[in-house]
Amino acid sequence: MKTKLHFLTAAILASVLSISCATSSMLTDALATAGQAAKDAGYSDAGDVLTATSSASKAMEAITPENEYYIGRAVAATVLTNYKKETSGSQQIYLNKIVNVLAVNSSEAEPFNGYHVMILNSDEVNAFATSGGHIFITRGLLNTAKSEDEVAAALAHEMSHVQLKHSLKAIKTGRWTSAGISVLNTAAKFTDEELASSLDGMVNDQITTLVNNGYSQKQEFQADKQALTLLAQSGYNPTAMLDMLNSLNEVQGSSGSGMFKTHPTPVKRIEKIKAELKEVQAPQDTSSYRKARFAKAK
């Protein structure tokens, strides 16, 4: 019994270490082989642990940039069943130009199919991004912004969530079944509605995080910090993040929905950003060139 307990403990430790350190195909195969060997030796509990870890490892290994895009596309399709998109294309083109500037100047690789911004016709003050680079921003949030730099700050924050893979991490490991991976591998054959239906569990996990519960406070602070770098690299003043948060703070009292429900308070974020701005080198101030463009887009 003691030997069996030791075997099970060792299996659990190996599983934890393996998931935290690597998910290579070699490791996956080794875990599967070890799991079967444990079962053959009569240690079924240890074998189950190793086999389960192998499955989780293989599932996570299967997530490619293309998979991320199709998961995000399915989530985006579900978002659009709850929000109406704006039909005016001129401001949407403007926002996509801002995102393209941020992406081109970023040191991080772009998603499989690039970034795409869509305006939601809602007075709710909110923005969110799905895995794969689909970014949604509400009319309410755009009306809150007082400059292009503030808009860029909001978009940079959402891009940072994508780059840090926060929405992908929202998916529970248990959702990654062989059937789900199979769907992802043939996702191009599906319409958005069919894909969302086929990946129901994965989509629901992301929707719950993006719209209902929000990310963890730690993840929100991480996205803010990365956004400062994105802004500075692209020629935007990173202090615009403070301006955006101050604008949000002005309207927070009149709303209990949107990002006020799912984000840390603007005051908490402002405190963190003030400290982090000391580490970011601000570019030359070129905001005057953007004033007319922002006024026209409004």
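Axes in what follows are lines fitted to C-alpha atoms, for helices over the stretch in contact, and angles run from 0 to 180 degrees between N-to-C directions. This is a predicted model, in which local features need pLDDT of at least 70 and side-chain atom pairs count only at pLDDT 80 or more, while totals for chains, interfaces and linings use all residues. Residues are numbered from 1 along each chain as its sequence is written, and side-chain values use heavy atoms, with hydrogens and water left out.

The protein chain holds 16 helices and 3 strands, where helices (H or I, at least four residues) and strands (E, at least two) are DSSP runs numbered from the N terminus. Of its 298 residues, 49% are buried; buried means under 20% relative accessible area, exposed means over 50%, and partly exposed lies in between, with a 1.4 Å probe and protein chains only. Contact means heavy atoms within 4.5 Å, and among contacts in the protein chain with a separation of 6 or more, 74% come from residues 24 or more positions apart.

Helix α5 covers residues 90-104, and its end C-alpha atoms lie 21 Å apart, in agreement with the 21 Å that its 15 residues should span at 1.5 Å a residue, since the expected span is 1.5 Å times one less than the number of residues. Its buried residues are Gln-91, Gln-92, Tyr-94, Leu-95, Asn-96, Ile-98, Val-99, Leu-102 and Ala-103, and the elements that cover them include β1 (116-120), β3 (134-138), α6 (139-144), α7 (148-163), α12 (217-233) and α16 (288-297).

How do α5 and α7 cross? Their axes come within 10 Å and cross at roughly 65°, and the crossing is right-handed; a crossing is left-handed if the near helix is turned anticlockwise from the far one by less than a right angle, and right-handed if clockwise. On the α5 side, Tyr-94, Leu-95, Ile-98, Val-99, Leu-102 and Ala-103 meet Glu-148, Val-151, Ala-152, Leu-155, Ala-156 and Met-159 of α7. The residues of this contact divide into 11 nonpolar, no polar and 1 charged, with Ala, Val, Leu, Ile, Met, Phe, Trp, Tyr, Cys and Pro counted as nonpolar, Asp, Glu, Lys and Arg as charged, and the others, Gly among them, as polar.

A second pairing joins α12 to helix α15 (residues 266-276), with axes 10 Å apart and an angle of about 45°. That angle makes α12 oblique to α15, given that angles under 35 degrees count as roughly parallel, over 145 as roughly antiparallel, 65 to 115 as roughly perpendicular and the rest as oblique. This crossing is right-handed, and in it Gln-217, Phe-221, Asp-224, Lys-225 and Leu-228 of α12 meet Lys-268, Arg-269, Lys-272, Ile-273 and Glu-276 of α15. Its residues divide into 3 nonpolar, 1 polar and 6 charged.

Also in α12 is Gln-219, which is buried because its relative accessible area is 18%; leaving aside residues up to four places away in sequence, Gln-219 touches His-161 and His-166.

Two loop residues complete the tour. Lys-165 lies in the loop between α7 and α8 (166-169), has a phi near 60°, a positive value in a residue other than glycine, and is partly exposed because its relative accessible area is 36%. Asp-123, in the loop between β1 and β2 (127-130), counts as exposed because its relative accessibility is 69%. Asp-123 and Gly-140 are 17 residues apart in sequence, yet their C-alpha atoms are 4.1 Å apart in space.
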